[in-house]
Amino acid sequence: MPSGNTAAGCGGVRVKGDSLHETTHPVVTATAADDAALIQASLADPERFAGLFDRYAEEIHRYAGRRLADVAAADDVTAETFLTAFRKRARYDLSRPDARPWLYGIAANLIARHRRAEVRRLRALARLTGDLPEGGEQPFEQTSLDRVEARRLRPRLAAALAALSCAERELFLLVAWAELSYEQAAEALDIPMGTVRSRLSRTRAKIRRVLEAPR
Amino acid sequence: MNEIELFTNERPDPAPYDPGAKAMARDRLVAAARAGQAGARPAWRRPLTLATAGALALAGAFVAAGVLPAETARRPPAATVTQARLMSAAEVLHRAAGAVAEEPAPRDDQYIVVKSQTMYPAFQMGSGKESRYLYRTNRTIWLKAKASTDLREPYGVLTVENLEPKEYPGWPIPEEAHEGVGKSETLPLVNCDGGTMPEHLRTDYAALKRLPADAAGMREHLYAASKDSKSDFRDRAAFGRAGDLLRETYLPPAQRRALYEALATLPGVSVAGDVTDAAGRAGIGVGMEVYDGVRQDLIFDPATFELLGEREVVVDAGKAKAPEGSLLASTAQLEVSVADTAPAAEDGCRKN
């Protein structure tokens, strides 16, 4: 296992501020065409922001539901994603018509926070049950999170996910599960396109190694 | 297939977004927009993850899901409490509305069967001394899905099993309270004095399914009977009518949703956390003070948001003349079903 791989070590994703982007603008889809216009209108008329919720709440909830073990957590992450977006709307880059990468970036950050809380909870539970790490190679909390993941995913795939660092996992799942384009993922995570390409190719190689390894 | 496509194809299927939870999230966003307090962190968020025991005790109801945090308990790990969230009455009711599922509709010639456990106060006067106690029963009621408005027509059958009484706070249990304990009786439901049931008070299924299926219309119905009264009395009367629509009845899903949403708009409705129904099931109370120092709650399951039962509790010892926290009424609705027939009961009215 690579070091720095425990879920506890998953820091939050940097949520976009006003830093520079070398990304090209994403392809404009019909439904997303006026997200920027809607966000701009919500500066004067805050209630208009609910329109963004109506467009994307289901989609964000679906992603959160895939990433988190329980539904209540997905409910919370979804609600908080839109509240956070609302608070930050004045800093939204209006040259970006599609708000989904921005929303996914906020959601990813909140999901990372939730996973840390889950680790704390598992650790607390371990103290109660005296369930100590087996083998000692991986910390208890990581193996438990993996177990949670394995229940919902084929165990082999779950093992491959577990082999990723937090940053790799975050990017990879935005592309594989949320089906963001490389450009959109770069926007969501506020990282340059070059980083997205190199990180993804490293991630894919890692996954291949786990999937091809003899059992 | 590359690794990305492989994972896309094998994505876990997430649970659908619960409409109640979604409505709540949207409401909260709109509330934040209206309040203009973009930077404010809503209070309910504070104990989101692994609240300390102190935060749990703050106020309001909390919803439990998952595993328990070490800080709050030395109970065995099998217990299931955690992720506490403070919810407002409106949030609980939105969730309850969102949780109402579609169900098959009974026919007018069938019976609605409701099993419940109840505790209510009994006040007895006469023979020079007053007594009070809390009488407890197991009840099963068979109600015609469509009842006649002529009260001389039986509208159903009731079997009652008498359970051990409990003490009304501060009053000794009178001997007669124990009479009949352990015995069951089956009674016809009929009003021998006759008369006609006013349309707006009916609670038979045929009448309930004609009630408004939208929150505004339902709210109007709740207030209809007390049009000419004082305003705070009207709110209590509206809450009382809501209880009548839910107690030992079958309120169709559309009307039940509308009722919960309508209740969320009643002034004075608040949440009481950590309550139990007559069967000992833990729940969230939603209610208000309904008469002198006594608060009435509808009790909802903290996980499924189904209605569990009701309770009445003393909130003002001075006004209620009983210690604060005393439970005066407690019910548990255990099962609602549909049947083609009801047990035979002797006709209670002598035909002269």
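Q: Given that helices (H or I, at least four residues) and strands (E, at least two) are DSSP runs, numbered from the N terminus, how many helices and strands does the secondary structure of chain B come to?
A: This is a predicted model, in which local features need pLDDT of at least 70 and side-chain atom pairs count only at pLDDT 80 or more, whereas totals for chains, interfaces and linings use all residues. Residues are numbered from 1 along each chain as its sequence is written, chains are lettered from A and ligands numbered from 1 in the order in which they are written, and side-chain values use heavy atoms, with hydrogens and water left out. On that basis, the secondary structure of chain B comes to 9 helices and 9 strands.

Q: What percentage of the residues in chain B is buried?
A: A residue is buried under 20% relative accessible area, exposed over 50% and partly exposed in between, with a 1.4 Å probe and protein chains only. Chain B exposes about 17400 Å², of which carbon and sulfur atoms supply 50%, the areas coming from the Shrake-Rupley method with a 1.4 Å probe and, for residues, only the protein chains shown counting as cover. Of the 352 residues in chain B, the buried ones make up 45%.

Q: Which residues does B:Ala147 touch, not counting those up to four places away in sequence?
A: B:Ala147 sits in the loop between β2 (131-144) and β3 (156-167) of chain B, and it counts as buried because its relative accessibility is 14%. Taking contact to mean heavy atoms within 4.5 Å, the residues touched by B:Ala147 are B:Tyr155, B:Arg202 and B:Asp204.

Q: Which side chain has a polar contact with that of A:Asp98?
A: A:Asp98 belongs to the loop between α3 (71-88) and α4 (100-129) of chain A, and its relative accessibility of 1% is why it counts as buried. A polar contact is a pair of N or O atoms within 3.5 Å; within protein, one must be able to donate a hydrogen and the other to accept it, and residues adjacent in sequence count only if both atoms are side-chain atoms. Such a contact, of 3.2 Å, joins the side chain of A:Asp98 to that of A:Gln184.

Q: Is α8(A) mostly covered or mostly uncovered, judged by how many of its residues are buried?
A: The buried residues of α8(A) include A:Gln184, A:Ala185 and A:Leu189, and the helix is followed by A:Asp190, whose phi is positive, near 60 degrees. With 6 of its 8 residues buried, α8(A) is mostly covered.

Q: How many nonpolar, polar and charged residues are in the contact of α6(B) with α7(B)?
A: Helices α6 (residues 215-224) and α7 (residues 231-246) of chain B pack at about 110 degrees with axes 7 Å apart, where axes are lines fitted to C-alpha atoms, for helices over the stretch in contact, and angles run from 0 to 180 degrees between N-to-C directions. They are therefore roughly perpendicular, the class for 65 to 115 degrees, whereas under 35 is roughly parallel, over 145 roughly antiparallel and the rest oblique. The contact includes B:Met218 and B:His221 of α6(B) and B:Arg234 and B:Leu245 of α7(B). With Ala, Val, Leu, Ile, Met, Phe, Trp, Tyr, Cys and Pro as nonpolar, Asp, Glu, Lys and Arg as charged, and the others, Gly among them, as polar, the residues divide into 7 nonpolar, 1 polar and 3 charged.

Q: Which helix of chain A is included in what covers the buried residues of α4(B)?
A: Helix α4 (residues 89-99) of chain B is largely enclosed by the rest of the structure, because 8 of its 11 residues are buried. The cover includes β5 (270-276) and β6 (282-291) of chain B and, from chain A, α3.
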